[in-house]
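Please keep the sequence and the structure in view while going through the numbered points.

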Amino acid sequence: MAANERTDGSNANPTTDSDELLVLSTVTAGYGAGLILKGVDLTVRKGEIVCLIGPNGAGKSTVLKTISGLLRPKSGSVSFRSEEIGGMSSRQRLGRGIVHVPQDRSLFPGMSVWENVVMGAFILSDQALIKSRLEQVAETFPIVANRRAAMAGSLSGGEQKQVELARSLMLDPALILLDEPSIGLDPKSRTAVFASISALADSGRSVLLVEQNARSGLAVAHRAAVLEAGLVALTGSGESLLNDPEVARLYLGASAKAPVLEKLADTA
Amino acid sequence: MHEIVQAIILGILTGGVYALMASGQTLIFGIMKVVNLAQGAFVVLGAYLTYTLFVDTGIDPFLSILITTPLMFVVGVALQWALLRPLHSDDVAQLSLLVTFAIALGIEGVLSFTYSTSLVNIQPAYANFSWTVFGYQINMVRFFAFVLSLVVLGALYLILQKTKFGRAVRATVQNPMSAQLLGVDSQRVSAFGFGLGAATAAAAGSVFGMLNAFNPGSHYDLISRLLTVVVLGGLGSIGGSVVAALVMGVAASLVSALASPIWSDFSFFVVLLLVLLLRPQGLFGARTRGAL
């Protein structure tokens with residue numbers, strides 16, 4: 001049975017939508033001979049927050065890496081604004097407006113907050129543009145100006161996440177890939193991060209969010225997909241999945257198995 | 001007391017030159033996680049280039065670094081591109097030891113073939129001039145070698161802190177995946193970093209050749225000292241290797257003055273052993289790693 005047949009049909013065949021920004025079609029990817037993604041179909045539209053949830057090892061982070069260019073797909077298509085980008089380098093994809101904020105602390109600990117944010121515009125050479133972007137970013141994230149001289153390594157987890165988000169805006173990206181942005185944060189910082197994610201979408205950007213904290217991720221997302229064992233098992237609006245008692249039951253205490261797939265197989 | 005102060009002065013001046021050699025070594029390790037066993041051979045190659053320029057064309061050894069440094073930068077970039085870049089990243093730590101040792105042996109072979117294995121020395125007219133300051137002898141070549149080391153280390157610092165390339169280098173050292181995700185080409189940074197390491201070796205080679213008699217096999221002795229300095233300073237920390245080089249220079253000089261020159265080289269390894277027993281990450285390893 002193919003993956004798209006297992007979805008709930010709400011987003012089974014979105015390829016005719018003119019608002020599509022990113023379309024993954026039957027993407028396979030992995031390290032060495034092994035496949036982690038086994039035919040992923042996924043669409044992100046303009047101004048939309050899409051949340052990927054699923055158990056550990058399902059391939060959520062691998063999806064992001066395949067989109068940002070850290071990993072090349074073995075087969076299938078990754079298209080961004082109708083252009084095939086699967087064979088492009090990370091730098092080329094950055095230039096097209098795709099920014100990836102990885103899961104682990106991604107700041108440069110021995111650089112100041114300001115330098116870290118400037119690094120977000122590394123591929124740009126227009127100094128006037130960099131300066132104006134810095135001003136915009138500092139307005140959105142006051143920590144950039146308030147703690148500009150502080151070493152990034154000395155900031156708290158929540159502060160570091162704010163700086164990471166600020167840095168991700170330096171290229172004025174169309175699509176931001178966020179991997180577990182709330183991991184390791186205290187509740188207050190977590191709330192601030194999800195508020196920032198909502199604000200990103202409000203400003204017209206798209207966000208593809210991987211979130212282990214399924215409830216918070218689904219609450220903020222317009223749409224969501226459940227990834228299991230390298231396949232998209234379910235898609236739907238964030239709200240519908242949040243209110244789905246089965247998804248809530250399975251993913252608030254997610255196991256390493258593929259529960260939705262198993263359930264679907266049982267009923268097939 | 002006079003003897004001790006004189007030994008400390010000599011140690012600091014010598015340590016400055018080791019700092020220059022070791023800064024390139026630790027820069028390469030910081031960027032690529034490669035222990036460059038060819039760094040000593042780069043120094044000796046730089047010394048021979050300076051020797052040739054001095055003997056054949058009369059160019060002053062200090063001025064010759066304007067030629068040898070860019071030349072060795074190009075050699076370093078080419079070697080990285082041709083021999084280190086193709087290594088698979090999973091095996092780079094082990095295989096690079098073999099590759100850089102092979103580079104060292106290759107350089108030694110070419111130099112032996114070209115110059116023979118006899119010891120040579122670069123002897124400009126001012127080689128034996130000294131100043132007497134408050135009763136202490138300060139050798140002119142050693143003093144200018146120290147000043148040159150400060151200038152080159154200062155230039156390296158400015159490159160790393162103030163240029164876009166320098167930011168890319170520091171970013172790659174501190175978080176390679178993040179750097180790549182922001183568009184830093186890690187292969188280009190590695191190639192330029194290796195070139196910069198070779199260039200600092202060339203600058204150090206010019207003064208090494210004035211301070212020591214050398215032959216193509218001198219790199220064995222040098223690399224063991226350089227490894228001591230970079231491990232002592234904390235691998236990857238340029239500031240740490242500068243401090244370590246000064247400590248080692250002074251320690252070796254004091255042992256030489258107070259005990260015997262025979263024990264001077266050995267003191268390097270005694271200090272290293274003590275530091276590794278008491279502080280395995282080196283003097284500055286934990287504190288400054290990632291703060292290049």
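Leaving aside neighbours within four places in sequence, which residues is Met21(B) in contact with? The points below begin with that residue.

1. Basis of the note. This is a predicted model, in which local features need pLDDT of at least 70, side-chain atom pairs count only at pLDDT 80 or more, and totals for chains, interfaces and linings use all residues. Residues are numbered from 1 along each chain as its sequence is written, while chains are lettered from A and ligands numbered from 1 in the order in which they are written.

2. Met21(B). Apart from neighbours within four places in sequence, Met21(B) is in contact with Gln39(B), Val43(B), Ala201(B), Ala204(B) and Leu226(B); contact here requires that the C-beta atoms of two residues, placed from the backbone, lie within 7 Å. Met21(B) is buried, because 30 other C-beta atoms lie within 10 Å. A residue is called buried with 20 or more other C-beta atoms within 10 Å of its own, exposed with 12 or fewer, and partly exposed in between, the C-beta atoms being placed from the backbone. Between the C-alpha atoms of Met21(B) and Ser149(B) there are 9.0 Å, although the two residues are 128 residues apart along the chain.

3. Helix α1 of chain B. Met21(B) belongs to helix α1 of chain B. Helices (H or I, at least four residues) and strands (E, at least two) are DSSP runs, numbered from the N terminus. α1(B), residues 2-32, has 31 residues and reaches 45 Å from its first C-alpha to its last, close to the 45 Å expected at 1.5 Å a residue; the expected span is 1.5 Å times one less than the number of residues. Of its 31 residues, 23 are buried, so that α1(B) is mostly covered. Lys33(B), with a positive phi near 60°, follows α1(B).

4. Helix α4 of chain B. This helix covers residues 92-115, and its end C-alpha atoms are 33 Å apart, in agreement with the 34 Å that its 24 residues should span at 1.5 Å a residue. Among its buried residues are Ser96(B), Val99(B), Ile103(B) and Glu108(B). The cover over the buried residues of α4(B) includes α2 (39-57), α3 (65-84) and α9 (218-233) of chain B. Just after α4(B), Ser116(B) has a positive phi of about 70°.

5. Strands β1 (residues 130-133) and β2 (residues 136-139) of chain B run antiparallel and are joined by 4 bridges; two strands pair if DSSP finds at least two bridges between them. Trp131(B) has Ile138(B) as its bridge partner in β2(B). The hairpin has 2 residues between the strands, and Phe134(B) takes a positive phi near 50° there.

6. Chain A. Chain A contains 11 helices and 10 strands, and buried residues make up 49% of its 268 residues. Of the contacts in chain A with a separation of 6 or more, 70% are between residues 24 or more positions apart.

7. Where the chains meet. In the model, 16 residues of chain A are in contact with 16 residues of chain B. On the side of chain A that touches chain B, the elements giving two or more residues are α2 (90-95) and α3 (113-119) of chain A. The largest share, 3 residues, comes from α2(A).
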